[in-house]
Amino acid sequence: MTLLGTLFTKTDADPEPERPEPSGVLDALRESLIIVSDNLRVLSANEPARLAFARKDEPLVGKRITEVIRDFGLHEAFDRALKNGKSSVVRIELIDLDRKVYEVRVVPFEMEGAKRAIGVFYDITQIEHLERVRQVFLSNISHELRTPLTSILAFVETLEDGAIDDDANKRRFLSVIRKNAERMRHLIDDISELSSIEAGNVRIEPKQLDLNGLVREVFASLSAKAAERSIYLENEIEPGVRVFADIIRLEQMLTNLVDNAIKFNTAEGTVTVRCLDKPDSQVIEVADTGEGIMREHLQRIFERFYRIDRARSREVGGTGLGLAIVKHLARLHGGEVTVSSVLGEGSTFRIELPKAEE
Ligand code: ADP
């Protein structure tokens, strides 16, 4: 008996030899399996195939393969296997409630003298999605690094071509080179931070900490930047308020949010930090009086490299990774970061942190 013969067993309900039912072994597989007869009708399907392709729980057995899965390439692959004895691999994309992509290996075989073909369906939806995310990420990184690098090279060439002796301008050129090099370093720091968090290499050590003091420190480190644009930083946290968080990581989240609230504020605007107490959590709000964010951008700004206005973000020194990092850090705390905004009035970012269990 062949391996397939041992795996496919007859059932009492269906004594005909050409209607084998897959045994439990095949039902336990992650891949969907469908066996078709020489007239392209389904003879047998394992449980994953029934779950993936049966409509309204109707049985798959007895249906034409084209009725079960409407894909011309797949139909041809089964046809080729049965008529020419040729194996092949096809990629099919099904758009039903959600989009699914399969790589299907179709292989001919004989069972008790009759021609059969088996289709093994590997669900590659997630793999393809991750591959696309990886490609977009790489192309974004190259683009983001190339822009400052091009500027550095151009200014170095200008200096080499004689500007080094131009006392009036050489310092300005050097400062442009430094600014662009710093931008590259900032970007690389953010990328490695994000990849460590995503790889699960960042551990948090939450403790009860004094929020008012932490916000004062964040404001102190950003005070020069705020002063440049005459932005007023307002700490509305009551003295004595404590939150349960990793101090380094909470400082990093608040620095990112306050930094954005300064960068995207209107000149002479205000940044306010306050804390709301909820039964099971505390919500730290960072509110600005900037232009606000249009509804269609609100959720997307937490994606890596998503910026509403690339040129402006670059001008104010952004990498487009800050909010993605904040989102990951909030989730590491078992919390979440959200945003609401009113156009022309400003935006409010909220970090919600669960309270420590008693
Ligand atoms: P960036 O390094 O560009 O600041 P972020 O990930 O921190 O990257 O933010 C992504 C984008 O979200 C910004 O480029 C900006 O378009 C928008 N954004 C973030 N914070 C604010 C804010 N407080 N007000 C308006 N837009 C904001």
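Helix H9 makes the greatest contribution to the lining of the largest pocket, supplying 7 residues, where helices (H or I, at least four residues) and strands (E, at least two) are DSSP runs numbered from the N terminus. The model is predicted, so that local features need pLDDT of at least 70 and side-chain atom pairs count only at pLDDT 80 or more, whereas totals for chains, interfaces and linings use all residues. Residues are numbered from 1 along each chain as its sequence is written, and side-chain values use heavy atoms, with hydrogens and water left out.

The largest pocket has a volume of about 1,300 Å³; on a 1 Å grid over the protein atoms alone, a pocket is an open set of points with protein on both sides within 12 Å along at least five of seven lines, a cavity is a set where a 1.4 Å probe fits but cannot get out, and lining residues have an atom within 4 Å of a point. Grid points are joined across faces, edges and corners, and a volume is the space filled by probe spheres set on the points. The lining of this pocket comprises 45 residues, of which Asn260, Lys263, Phe264, Val316 and Gly318 lie nearest its centre. At least two lining residues come from each of H7, H8, H9, helix H11 (310-315), helix H12 (322-332) and E14. Because domain 2 (125-202) and domain 3 (204-358) both give residues to the lining, the largest pocket lies between them, the domain bounds being taken from an automatic or database domain assignment.

The structure also holds 1 cavity of 30 Å³ or more, and the largest cavity has a volume of about 40 Å³. Its lining consists of Glu144, Pro148, Arg183, Leu187, Gly318 and Thr319, with helix H6 (125-160) and helix H7 (170-198) as the elements that give two or more residues.

An open sheet of mixed pairing is formed by 5 strands in the order E9-E11-E12-E14-E13, two strands being paired if DSSP finds at least two bridges between them. Strand E9 (232-235) and strand E13 (336-342) are the edge strands, each pairing on one side only. E13 pairs with strand E14 (residues 346-354) in the antiparallel sense over 7 bridges, and Val342 has Gly346 of E14 as its bridge partner. Helix H9 (residues 247-263) lies across E9, E11, E12 and E14 and runs at about 25° to E12, with axes fitted as lines to C-alpha atoms, for helices over the stretch in contact (heavy atoms within 4.5 Å), and angles running from 0 to 180 degrees between N-to-C directions.
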